[in-house]
Amino acid sequence: AYADMQLIGALGQIRPVVELKDDARIEFPHMLPEWFELDKKRVQHSIWKLERSPSLILFSLVFVGAFIFAFLKWGIPGAANYVAMQLPADTISKLGDQAQEQVFDLTEPSTLPLARQKQIIQSYQDVVANGQPAKVLFRAGGAIGTNALAIPNNTIILTDELVNLAKDDHEIIGVLAHEQGHLVERHSLKQALSSLGF
């Protein structure tokens, strides 16, 4: 009975095989004979035809390649964006605290005078913060050198090297405004989620 048969279609040099109950099988030296009514096994017949069609194989390769490209280009970033905007504040804060610890491990305590730190923070609050200031911390660059980082727990870290490199406070405020934008848009969180997705 056809219901007892499992057709394994031909692929490449492999010829078709019909598996029966009790480990019995029929192996065909050539294509399936006329008496084997493939219409009774439509699914297997369709798969068999697809496997033997060079144009469909090529189309499948192109389709899978395009799908993977689209998934990496738009799918993962889109999902990361959605998840980042939906995460609760306490989760974001915990993730940020962990990231801050890692940054502290890579850097050293700041040697910038406290008066200078307060001056920069005051300028930032007056010009950039717009009533929602981030916590601004100063660290000696260490492994990260001249840099500024926006941490998801609403923290901006400035290195002493960056402050010393700036020609005036306007440049520092520009950097802080840039980092403030990262915090508002949750860029670092999105980037981390994208990395996990990849």
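**Reading a predicted model**

Modeller: Val18 lies in strand S2 (residues 17-19); helices (H or I, at least four residues) and strands (E, at least two) are DSSP runs, numbered from the N terminus. The model is predicted, local features need pLDDT of at least 70, side-chain atom pairs count only at pLDDT 80 or more, and totals for chains, interfaces and linings use all residues. Residues are numbered from 1 along each chain as its sequence is written, and side-chain values use heavy atoms, with hydrogens and water left out.

Colleague: Is Val18 buried or exposed?

Modeller: Buried means under 20% relative accessible area, exposed means over 50%, and partly exposed lies in between (1.4 Å probe, protein chains only). Val18 has a relative accessible area of 1% and is therefore buried.

Colleague: Which residues is Val18 in contact with, leaving aside its neighbours within four places in sequence?

Modeller: Contact means heavy atoms within 4.5 Å. With those neighbours set aside, the contacts of Val18 include Met5, Leu7, Ile26 and Phe36.

Colleague: How many helices and strands does the protein have?

Modeller: The protein has seven helices and seven strands. From the N terminus on, their order is β-β-β-α-α-α-β-α-β-β-β-α-α-α.

Colleague: How is the pairing of strands read, and which strands pair with S5?

Modeller: Two strands pair if DSSP finds at least two bridges between them. Strand S4 (residues 108-109) is joined to S5 by two bridges, and the two run antiparallel; here Glu108 stands opposite Ala140 in S5. S5 also pairs with strand S7 (residues 155-159), in the parallel sense and over five bridges. Lys135 has Thr155 of S7 as its bridge partner.

Colleague: Why is S5 described as largely enclosed by the rest of the structure?

Modeller: Strand S5 (residues 135-140) is so described because five of its six residues are buried.

Colleague: Which residues have a positive phi although they are not glycines?

Modeller: Asn154, with a phi of about 60°, is one of them. Asn154 lies in the loop between strand S6 (148-151) and S7, and is partly exposed at a relative accessible area of 38%. Arg186 has a positive phi of about 55° and lies in the loop between helix H6 (169-185) and helix H7 (187-197).

Colleague: What makes up the nonpolar surface patch?

Modeller: Patches are made of residues with over 30% relative accessible area and no salt bridge, like charges being joined within 9 Å and nonpolar side chains (Val, Leu, Ile, Met, Phe, Trp, Tyr) within 5 Å. A salt bridge is a side-chain nitrogen of Lys or Arg within 4 Å of a carboxyl oxygen of Asp or Glu. The patch here covers about 1,000 Å², and among its residues are Leu50, Phe63, Leu72 and Phe198. Helix H2 (residues 54-86) gives the most, with eight residues. Leu72 lies in helix H2 and counts as partly exposed because its relative accessibility is 37%.

Colleague: What is the radius of gyration of the protein?

Modeller: This radius is taken over C-alpha atoms, and the globule rule is 2.2 Å times the number of residues to the power 0.38. The protein has 31 Å, whereas a compact globule of 198 residues would have a value near 16 Å. The C-alpha trace spans about 95 × 35 × 30 Å along its principal axes.

Conventions
Accessible areas come from the Shrake-Rupley method with a 1.4 Å probe; for residues, only the protein chains shown count as cover.
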